Amino acid sequence: MTIHTRKAVDTAVSYPSQKYVRQRTREASGLEPPPTTLTTTRAHLDRNANALGAPMARLVAAQPRQASPWASPRSSLLPSSLSEFHGATLGASLQKKRRVWQPKGSLQVTASSAKKILIMGGTRFIGVFLSRLLVQEGHQVTLFTRGKAPITQQLPGESDQDYADFKSKILHLKGDRKDFEFVKTSLAAEGFDVVYDINGREATEVEPILDALPKLEQFIYCSSAGVYLKSDMLPHFEIDAVDPKSRHKGKLETESLLDSRGVNWTSLRPVYIYGPLNYNPVEEWFFHRLKAGRPIPVPNSGVQITQLGHVKDLARAFITVLGNSKASKQVYNISGSKYVTFDGLAKACAKAGGFPEPEIVHYNPKEFDFGKKKAFPFRDQHFFASVEKAERELGWTPEYGLVDGLADSYNLDFGRGTFRKAADFSTDDVILGKSLVLQS
Amino acid sequence: MAVASASTAAALPSLHYASRSLPHRTLRLLPSIPYTSHSTVTRLSSRRLPNRYSSPSSPSSFSVKAAAASASKKSVLIVNTNSGGHAVIGFYFAQELLGSGHEVTVLTVGDEGSDKMKKPPFTRFSELVSSGGKTLWGDPAEVGDIVGKNKFDVVLDNNGKDLDTVKPVADWAKSAGVEQFLYISSAGIYKTSDEIPHVEGDLVKEDASHVAVEKYIAGLSFGSWAVFRPQYMIGSGNNKDCEEWFFDRIVRNRPVPLPGSGMQLTNISHVRDLSSMLSLAVENSDAANGKIFNCVSDRAVTFDGLAKLCAQAAGRELKIIHYDPKAVGIDAKKAFPFRNMHFYAEPRAAKQILGWTSTTNLPEDLKERYDEYVKIGRDKKEMKFDIDDKILESLKVAVTV
């Protein structure tokens, strides 16, 4: 067995005591200036900064976790929903014992709702925002990644101070999640209260996690609305039929596994996620064409309806289900409040980036063979889901409208000259060379 | 419902069913019926207990608060149009109110003896009378004279599309001390947008005549007022064709010509959804006060999808033809019963504020409608399809499938 060390990214301990306040206010009409920093509306527990967040300098992950008699039990400072949750899962006779991570020499004992959280992934997109929110909440957050991407990166608009604080607190567990033995051993050695699985695709990848953490309080899974069976009646609700043959069946199998294992799980099903750092070329695909002044080729009528959800709203949804008894064994669609046509999305991207209204060219995809290349970033069908269950049960609501969400993405990412995939207009040129105006 | 785990404090709900501690509601029929004919689909949820998933709009505790005294019997006046798609709303609403023990008077526009009264729902007004309702006829502008000394708690105007028609009714209601005024407007007043759906609070076309009515009612300071914006509805007793348009063609083995791509979304509700929403507004007049409600089901269907569902309900083959109305040179409004565009509103306010749930189940509801269609012999009726023929001719399509 290889011993992998779990090390803090930055061993310096910092003691910020900032509160983050959302600065955006919604106005009834029109577009508001996009926020330039990652902010959150959550009220923060006032706590001493050196609790929990301060990492141990080095840890050899070989010791099994033990219930420690001196660790503070769940305190009455918990919000009531959290108490309910713990009371219900564990029974009054078994109070949760946890080891409170403390910097060497400190006498701090923290009685708070802070948890030891593992994020599978967390260095590319959703996790980048989610981990920040969790750290701000005072949780101890570890990212499990292979380390291919930098463990942390300063976000555009994020202050040096904020970034330094985050960087000092986030922890990294390096490994390949497909190495199931390693996953099981390292996680068992560490022990985590909560796992956020942001990058899991197959049920087999989740089994070792569950095996390693029998006392896991909650497994929160990033699934996909792609599991829904295509239907003539929309939007998709969580009760709808799912498609065991879909491209996303691994997500479905994972949800099934979670359910069968008796673990306290919550699954979120996003539609199309967008926002700064998006590595799926959704808005980026439009921005490239708008910037190049090129027409936007849209398959068929352009009235197909899709739905985008901002990554920050998704991150907030992930926070909202944490320790939330209502969310136990529930699935939630998470996306934007409204849906949009393909044509409408092209126009919204233009508006968000300050481009003139684009020329849209409709074409019949059946007349072309693009090989392995995707000529358009969305599935050629109506695809949208209702988020009212999350709104009703969790009190979560998407804060970004389409245009201001796209503006946020543009201003913090593409508009600054950054993008993940270079522009590739090869399929466009094929289409434009032989375009057919279809009835709309 | 599972018993709360014994080890917890007594007040805590069971973790599994934490969100199930709700009053029993009529579950939607939808969860048990797959929407498509994909018969081999294994529903994952078949392994899960049926009440694990709430119906899409089961009310949470914060949204359903009965207004004080709302459970008491009310005297309701419905001013009802004598024709058109909305006529059936008043009929169902009256039936539902009577079923709940309220007093109902329906004032239908025009004369009792007019030809218009020979069509449903008016042909079924005797049902209202035998349930204890009163039916009157006349000019709504003279409503005060017609109803005389009768006092009403609630008035629903399900008639006027413009201020000239509704103002006399609203003014009379105000002066007569009517506590709650409800108005059937239209979801057609929403401004079109690339973003879907129409949600309460979205911009409306300022020059739409219903808008002036809505604003006028809002300004009259009723104890409670609310506006309802419906789309299209199906249901026994309907006055205007909806699904019949599809059945007419399907049973005669004719192709169904759909304008455009067939992907346009619309909202087809069973009229009982509308009447249940209105009833909830009457019973929760405080919560409903000052609100706009999209009076529709909570699912959109495409034109293609609706055609398929109608064919399935009829147990027949379906052939769809898409055409461009402009290219063919016909007015889509005359050729097809629905607006040729995305036209889809969602009933978010009703769900959030009234705890209302939709029970429209198109596959089942259309089956019922088809059964009635055949029962009244409409499938055998001689019919001409002049516009269809023109479309098919221009596309050179053979009529028999």
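Mentor: In helix α9(A), the residues Leu345(A), Ala348(A), Cys349(A), Lys351(A), Ala352(A) and Gly353(A) meet Leu402(A), Val403(A), Leu406(A), Ala407(A) and Tyr410(A) of α11(A), where contact means heavy atoms within 4.5 Å, and helices (H or I, at least four residues) and strands (E, at least two) are DSSP runs numbered from the N terminus. This is a predicted model in which local features need pLDDT of at least 70 and side-chain atom pairs count only at pLDDT 80 or more, while totals for chains, interfaces and linings use all residues. Residues are numbered from 1 along each chain as its sequence is written, chains are lettered from A and ligands numbered from 1 in the order in which they are written, and side-chain values use heavy atoms, with hydrogens and water left out.

Trainee: Why are α9(A) and α11(A) called oblique to each other?

Mentor: α9(A) and α11 (residues 402-412) of chain A pack at about 55°, with their axes 8 Å apart; axes are lines fitted to C-alpha atoms, for helices over the stretch in contact, and angles run from 0 to 180 degrees between N-to-C directions. Angles under 35 degrees count as roughly parallel, over 145 as roughly antiparallel, 65 to 115 as roughly perpendicular and the rest as oblique, and α9(A) and α11(A) are therefore oblique.

Trainee: What makes β12(A) and β6(B) edge strands?

Mentor: The open sheet holds 3 strands in the order β12(A)-β15(A)-β6(B), with antiparallel pairing. β12 (305-306) of chain A and β6 of chain B each have a single partner strand, so one side of each is left without a neighbour in the sheet.

Trainee: How do you know that β15(A) and β6(B) pair?

Mentor: Two strands pair if DSSP finds at least two bridges between them, and 2 bridges join β15 (residues 339-341) of chain A to β6(B), in antiparallel direction. Within β6(B), Glu195(B) is the bridge partner of Val340(A). Helix α9 (residues 342-353) of chain A packs on this sheet, touching β12 and β15 of chain A, and its direction makes about 100° with that of β15(A).

Trainee: What makes β7(B) largely enclosed by the rest of the structure?

Mentor: Buried means under 20% relative accessible area, exposed over 50%, and partly exposed in between (1.4 Å probe, protein chains only). In β7 (residues 224-230) of chain B, 7 of the 7 residues are buried, so the strand is largely enclosed. Both faces are covered, with Ser224(B), Ala226(B), Phe228(B) and Pro230(B) buried on one side, and Trp225(B), Val227(B) and Arg229(B) on the other. β7(B) pairs in the parallel sense with β5(B) over 5 bridges, and also in the parallel sense with β12 (residues 291-295) of chain B over 5 bridges. Val227(B) stands opposite Tyr183(B), and its bridge partner in β12(B) is Ile292(B).

Trainee: Why is Ser185(B) called buried?

Mentor: Ser185(B) has a relative accessible area of 0%, so it is buried. Ser185(B) lies in the loop between β5 (180-184) and β6 (195-196) of chain B; leaving aside neighbours within four places in sequence, its contacts include His86(B), His210(B), Val227(B) and Arg229(B).

Trainee: How do you know that Val204(B) is buried?

Mentor: Val204(B) has a relative accessible area of 12%, which places it among the buried residues. Val204(B) is in the loop between β6 and α5 (209-218) of chain B, and, not counting residues up to four places away in sequence, it touches Ile189(B), Tyr190(B), Lys191(B), Val211(B) and Arg229(B). The C-alpha atoms of Val204(B) and Tyr190(B), 14 residues apart along the chain, are separated by 4.1 Å.
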